[in-house]
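Colleague: Could you walk me through this model and tell me how each label was reached?

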Amino acid sequence: MNRLLGVPGFARLWVAAFFGETAEWMLQVALPVYVFQRTGSAATTALSIVLGLLPAVLLSPVAGVVADRWNRRAVLFGVCVGLAVVALPLVAEPGVSVVYAVMAAQAALASVFEPARNALVPELVGVADVTAANGLMSVNGSVARLAGGWAGGALLGFGGLADVMIGYLAVLAVAAALLAKPFRRVAAPAASPAREPVVRAWLDGLRELTRNRRLRRTGLALVFTSLAQGMFLVLFVVYVLDVLGGSEADAGLLRGVQAIGGLVAGFAVATVARRVAPAALLGWGSVVLGLLSAVIWNLSLVTTALGLYAGLFALAGAPGVVVGAGVLSEIQSAVAPERAGRVLSTTFAAVATCTTAGALLAGALVATTGPAVLLNVQAGVYVLAGVLMLLPRRGWTRQPVWRYRAAPSLKS
């Protein structure tokens, strides 16, 4: 871990990512609450959540190709500036329709940020260290979730949306400043061939997911984990409020403490587990998350003590981070470098699509089946995804692990 943070380019990207994700979490917490306060409607609040998922699906072709064709550091810097510009109308605490428009624009910009950032990581550390690097990025995500979520809620309660936006813009400005200067790369992708039309370039990246034997299985496992996560988003609220008899504040507490386990897991992936095969991280992480979820969902038959559930949900945050690190590392090491951006973008689009499908499925069935059945199905889907990744992989040794050529003098 110390060696990776000693790489100047990665260390700067790591810090910039922390500030960028902190700003993101400030709005993810504050804006749905603001919408609910203005409308009193759960349906309009749900619409704000959907607006955060759709751009990842609709803009997948453009986002991935941008991440591959353009200077990735410059793309990240431009996205930060764009996020600040489109957020300016919120300083005046506008109506809900303006909030929706801003959220859609921000989600569209964010759909470019993730594939560009994750495709840049191997250039800064080399493919051999991507698992450890992803672990450190996961640490950022967990700390940012705690800091940004708390700040967004506290500033909204203290001074309203205007105070949230002032804090958001200040934090985002730090991220942009860290991305303004070129990085020194330790590796570089092969020279890009002649540019293709955007749709054709995106389709080439999409075919990479189906041609590559490693990624076919990874993609199927990712469909299952995303469906399970979508079911969780709906069933978690029902479970806490109806089954445990908790309050909205209790639901917020149990979601927030997951970041604690994620923080620990991020450090573990970056240190002791950095050489574990990405497929094993994804497989075992999914199995453990599914089994732990099954314990949590069925424990209500014995006790509803909130303190016990806080500990269990904190623990559940750890395998979730392990799953995420495994997915990213598997793609980064299995995909041709010049196609990494578009493949990652397509992957994020698939995750958003399946997460939405899982949420809609759970919402449609929970009234008829009750939460208990669906909760155990959700846990079982995670276990199924893990088992799929852990099955013997005949012939996988012939699949390439892409190497980046040394580029000590290159900057981006």
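Modeller: Happy to, and let's start with one side chain: Phe 19 has a relative accessible area of 24%. Please keep in mind that this is a predicted model.

Colleague: Why is Phe 19 called partly exposed?

Modeller: Buried would need a value under 20%, and exposed a value over 50%. Phe 19, at 24%, lies in between, so partly exposed is the label.

Colleague: What makes Phe 18 and Phe 19 an aromatic pair, and what kind of pair is it?

Modeller: Their ring centres are 5.3 Å apart, and the limit for pairing is 6.5 Å, so they count as a pair. The planes stand at 70 degrees to each other, and an angle over 60 is called edge-to-face, so that is the name used here. The structure holds five aromatic pairs.

Colleague: Which rings are linked into a cluster?

Modeller: Phe 232, Tyr 239, Trp 297, Tyr 309 and Phe 313 are joined by ring pairs.

Colleague: How do you know that Arg 117 and Glu 21 form a salt bridge?

Modeller: The closest N and O atoms of Arg 117 and Glu 21 are 2.9 Å apart. The cut-off is 4 Å, so the pair qualifies. In general, side chains of opposite charge can pair when their charged atoms come close. By this rule the count comes to one salt bridge.

Colleague: Where do the two partners sit, and are they buried or exposed?

Modeller: Arg 117 belongs to helix α7 (residues 96–125) and Glu 21 to helix α2 (residues 8–39), so the pair links distant parts of the chain, 96 residues apart. Both Arg 117 and Glu 21 are buried.

Colleague: How many disulfides are there by the rule used here?

Modeller: The count is zero disulfides. A disulfide is a covalent bond between the sulfur atoms of two cysteines, and the rule asks for a pair of cysteine sulfur atoms within 2.5 Å.

Colleague: Why are Cys 80 and Cys 354 called buried?

Modeller: Cys 80 has a relative accessible area of 3%, and Cys 354 has one of 14%.

Colleague: What does Leu 179 touch?

Modeller: Leaving out residues up to four places away in sequence, Leu 179 touches Leu 13, Ala 16, Arg 73, Leu 76, Phe 77 and Cys 80. Leu 179 is in helix α9 (residues 161–179). Its relative accessibility is 1%, so it counts as buried. Leu 179 and Ala 16 are 163 residues apart in sequence, yet their C-alpha atoms are 6.8 Å apart in space.

Colleague: What makes Val 85 exposed?

Modeller: Its relative accessible area is 51%, and the label needs a value over 50%, so Val 85 passes. Val 85 is found in helix α6 (residues 72–87). Together with Val 81, Leu 88 and Val 91, Val 85 makes a nonpolar surface patch of about 310 Å².

Note on methods
Residues are numbered from 1 along each chain as its sequence is written. This is a predicted model: local features need pLDDT of at least 70, side-chain atom pairs count only at pLDDT 80 or more; totals for chains, interfaces and linings use all residues. Side-chain values use heavy atoms; hydrogens and water are left out. Patches are made of residues with over 30% relative accessible area and no salt bridge: like charges are joined within 9 Å, nonpolar side chains (Val, Leu, Ile, Met, Phe, Trp, Tyr) within 5 Å. Accessible areas come from the Shrake-Rupley method with a 1.4 Å probe; for residues, only the protein chains shown count as cover. A salt bridge is a side-chain nitrogen of Lys or Arg within 4 Å of a carboxyl oxygen of Asp or Glu. Helices (H or I, at least four residues) and strands (E, at least two) are DSSP runs, numbered from the N terminus. Buried means under 20% relative accessible area, exposed over 50%, partly exposed in between (1.4 Å probe, protein chains only). Rings of Phe, Tyr and Trp (its six-membered ring) pair if their centres lie within 6.5 Å; planes under 30 degrees apart count as stacked, over 60 as edge-to-face and the rest as tilted. Contact means heavy atoms within 4.5 Å.
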